[in-house]
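Visitor: I would like to check the labels on this model against their cut-offs. Could we go through them one at a time?

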Amino acid sequence: MIIEREQDVTAAALAVMERTSDPRTRQIMVSLVKHLHGFVRDVRLTEKEFRDATAIIAELGKLTTDTHNEVVLMAGSLGVSPLVCLLNNGDQGNTETDQSLLGPFWRLHSPRVENGGSIVRSETPGAPLFVNGRVVDKDGRPVAGAEVDIWHASPVGLYENQDPEQADMNLRGKFTTDADGRFSFRSVMMTGYPIPTNGVVGRLLEAQSRHPYRPAHLHALIFKPGFKVLISQVYDPNDPHIDSDVQFGVTQALIGKFVRHETPHPTAHDVATPWYSLDHTYRLEAGEAVLPRAPIK
């Protein structure tokens, strides 16, 4: 098609997209062109703004490394990650779900830990945390033999791959549920933290006068053949940013009960007060067990 007016550009691009052989790819590309061209018209995008936008996209890629994923960080900061999560779980967004963001800090090959063991691998100051988890199906029946991958930030608000003071794989561990679907471990109470702001995402937050904080949370990724992989977070309701998460990830279903104890621990006599406990149940949905691509190494 020879372009005679601006409307012809969209018609020509859509005609090309319609020739895509794979039906799902065709559906996505046709809709993408319609919405992208509509956006350009809606905001009357200038040539300078277009050049700036392409430079930002290129910078997102350049800032993504083996230890940091700026693209995933931006997706959460725009609310895209939580939207995709909720649309694809809980009966297509109609009911509550334990699914949540994967986030930019999950790593493959966390060390295996026996139930009741510790995931603290280097000196990590902070109040002790004892977690008792249970994995069940949608009907509440225990799921035995599920692989539970746990990770969280340290009390200074850094994951171990961000912090040279922490040992490799500190505050990470992989557990297997018992016959009753249970697993347990010991760690330290996490805190909320600011997401990295030395890149494109940081400039976006500054331009919008937004704070960079995520409320304190515990990550879990649960794998069991016959079930959809559960990617979940459990949030501390006492965190000051519980209702203003920069990544829009907090849902009512993901708020946990982190209990503060001022009395001695009943069995761990080396534990000083205060210490914390969390009892939480994770619910799996039937589906294909496919691990996500790790955002970092």
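Visitor: Why is arginine 107 counted as buried?
Guide: Its relative accessibility is 11%, and buried means under 20% relative accessible area, exposed over 50% and partly exposed in between, with a 1.4 Å probe and protein chains only. At 11%, arginine 107 is under the limit, so the label is buried. This is a predicted model, in which local features need pLDDT of at least 70 and side-chain atom pairs pLDDT 80 or more, while totals for chains, interfaces and linings use all residues. Residues are numbered from 1 along each chain as its sequence is written, and side-chain values use heavy atoms, without hydrogens and water.

Visitor: What makes the pair of aspartate 168 and arginine 107 a salt bridge?
Guide: The closest N and O atoms are 2.9 Å apart. A salt bridge needs a side-chain nitrogen of Lys or Arg within 4 Å of a carboxyl oxygen of Asp or Glu, so 2.9 Å qualifies. The pair links distant parts of the chain, 61 residues apart: aspartate 168 is in the loop between β2 (147-151) and β3 (172-176), and arginine 107 is in the loop between α6 (90-93) and β1. Helices here are DSSP runs of H or I with at least four residues, and strands are runs of E with at least two, numbered from the N terminus.

Visitor: Is aspartate 168 buried or exposed?
Guide: Aspartate 168 has 54% relative accessibility, so it counts as exposed.

Visitor: Which residues are joined with arginine 107 into one network?
Guide: Through salt bridges that share partners, Arg107, Glu160, Asp168 and Arg172 form one network.

Visitor: How many salt bridges does a search of the whole structure find?
Guide: The count is 17. One of them joins the side chains of glutamate 6 and arginine 41, at 2.8 Å from N to O. Glutamate 6 belongs to helix α1 (residues 6-17) and arginine 41 to helix α2 (residues 23-43), so this bridge ties together parts that are 35 residues apart in sequence. Another is between arginine 260 and glutamate 262, where the closest N and O atoms are 2.5 Å apart.

Visitor: Why does arginine 134 count as buried?
Guide: Arginine 134 has 19% relative accessibility, which puts it under the limit for buried. It sits in strand β1 (residues 128-136). Leaving aside neighbours within four places in sequence, arginine 134 is in contact (heavy atoms within 4.5 Å) with residues including Gly140, Asp180, Phe183 and Tyr282. Its side chain reaches the backbone oxygen of aspartate 180 at 3.0 Å.

Visitor: What is known of valine 43?
Guide: Valine 43 is in helix α2 and is partly exposed, with a relative accessible area of 40%. With Leu32, Leu36, Phe39 and Val40 it forms a nonpolar surface patch of about 410 Å² accessible area together. Patch members have over 30% relative accessible area and no salt bridge; nonpolar side chains (Val, Leu, Ile, Met, Phe, Trp, Tyr) are joined within 5 Å, like charges within 9 Å. The areas come from the Shrake-Rupley method with a 1.4 Å probe, and for residues only the protein chains shown count as cover.

Visitor: What stands out in the backbone of arginine 44?
Guide: Arginine 44 has a positive phi of about 50° although it is not a glycine. Most residues other than glycine have a negative phi, and most peptide bonds are trans. Arginine 44 lies in the loop between α2 and α3 (47-62) and is exposed, at 66%. Histidine 109, in the loop between α6 and β1, has a positive phi of about 65°.

Visitor: Which peptide bond is cis?
Guide: The bond joining threonine 273 and proline 274, with omega about 0°. Proline 274 lies in the loop between β9 (258-261) and β10 (275-283).

Visitor: How many helices and strands are in the chain?
Guide: There are 7 helices and 10 strands. Of the 297 residues, 43% are buried.

Technical notes: A polar contact is a pair of N or O atoms within 3.5 Å; within protein, one must be able to donate a hydrogen and the other to accept it, and residues adjacent in sequence count only if both atoms are side-chain atoms.
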